[in-house]
Amino acid sequence: MPEIAQLLASTRKMTGQTELRAKTTGQMMYRLFRDGLDSELGTQTVAALNRIHARWQITNDEFLYVLACFDVAPMRWCDTYAWRPTTTGEKDASHVFYLALAERMGIHKVPPTWGGFATWMDRYEQSRFNRTAEAAELWAATRSILTNRFPTVLGPLVRAAADALLDEPLRCAFGARRPPALVHALASGGMRLRARRIGRSHADPGYRPVLPPAVRDLG
């Protein structure tokens, strides 16, 4: 969204401190998942989110869209690339959580169901997506989190693979190049092979998920 991209780029947090911003966001959301919105730590985290956003002029629709990015987009990603699709109950549970978060953040007019929110998100994107320089800058910064994990010589391939994981409307809004068909096939195939491997791990009765380092040792 041009307005959201302009705001995020202007703070320089997502472009100048990309990995720190991603880590901090992940930690805040994990605390809310783990401890609950009304726990002492959850209440503190929600208050921090409200303070962070209070300094900016953000419309309710913009808040709604960002909320959908947390509620709808991860479920769709899992349906495509996780070891199994999400269930209706899991989508409903996600939406119950984000409805409660919206209430605590003063976000209004959230559709009452996950499916309704997904439909709202699609329509909002169709009417608002537009390519801007700020959007391209944000995608380049976000993509660097992935490319920095690989040797420099592989940078062009990794960037093309990251672009391949975007759907077409998002790719156009970011101004990302359309990757060659072979790169797209390799990226999608690699993600599905990963999903199969994780699926086999889940079949082991002794399986325990491994949390990312950013949240594993949180107090």
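How exposed is Arg 197, buried, partly exposed or exposed? Arg 197 is partly exposed, with a relative accessible area of 47%; buried means under 20% relative accessible area, exposed over 50%, and partly exposed in between (1.4 Å probe, protein chains only).

## Basis

This is a predicted model, in which local features need pLDDT of at least 70 and side-chain atom pairs count only at pLDDT 80 or more, while totals for chains, interfaces and linings use all residues. Residues are numbered from 1 along each chain as its sequence is written, and side-chain values use heavy atoms, leaving out hydrogens and water.

## Overall fold

The protein has twelve helices and zero strands. Helices (H or I, at least four residues) and strands (E, at least two) are DSSP runs, numbered from the N terminus.

Buried residues account for 34% of the 219 residues. Along the principal axes, the C-alpha atoms fill a box of roughly 50 × 45 × 35 Å.

## Positive patch

Arg 197 lies in helix α11 (residues 181-202). Together with Arg 194, Arg 196 and Arg 200, Arg 197 forms a patch of positive charge on the surface. Patches consist of residues with over 30% relative accessible area and no salt bridge, with like charges joined within 9 Å and nonpolar side chains (Val, Leu, Ile, Met, Phe, Trp, Tyr) within 5 Å. A salt bridge is a side-chain nitrogen of Lys or Arg within 4 Å of a carboxyl oxygen of Asp or Glu.

## Positive phi in loops

Arg 12, not a glycine, has a positive phi of about 65 degrees. Arg 12 sits in the loop between α1 (2-11) and α2 (13-16) and is partly exposed at 43% relative accessibility.

Lys 109, also not a glycine, has a positive phi of about 60 degrees. The loop between α6 (88-105) and α7 (114-128) holds Lys 109, which is exposed at a relative accessible area of 75%.

Notes:
Areas by Shrake-Rupley, 256 points an atom, 1.4 Å probe, with all protein chains shown as cover. Lys, Arg positive; Asp, Glu negative; His and termini not counted. Charge placed at Lys NZ, Arg CZ, Asp CG, Glu CD.
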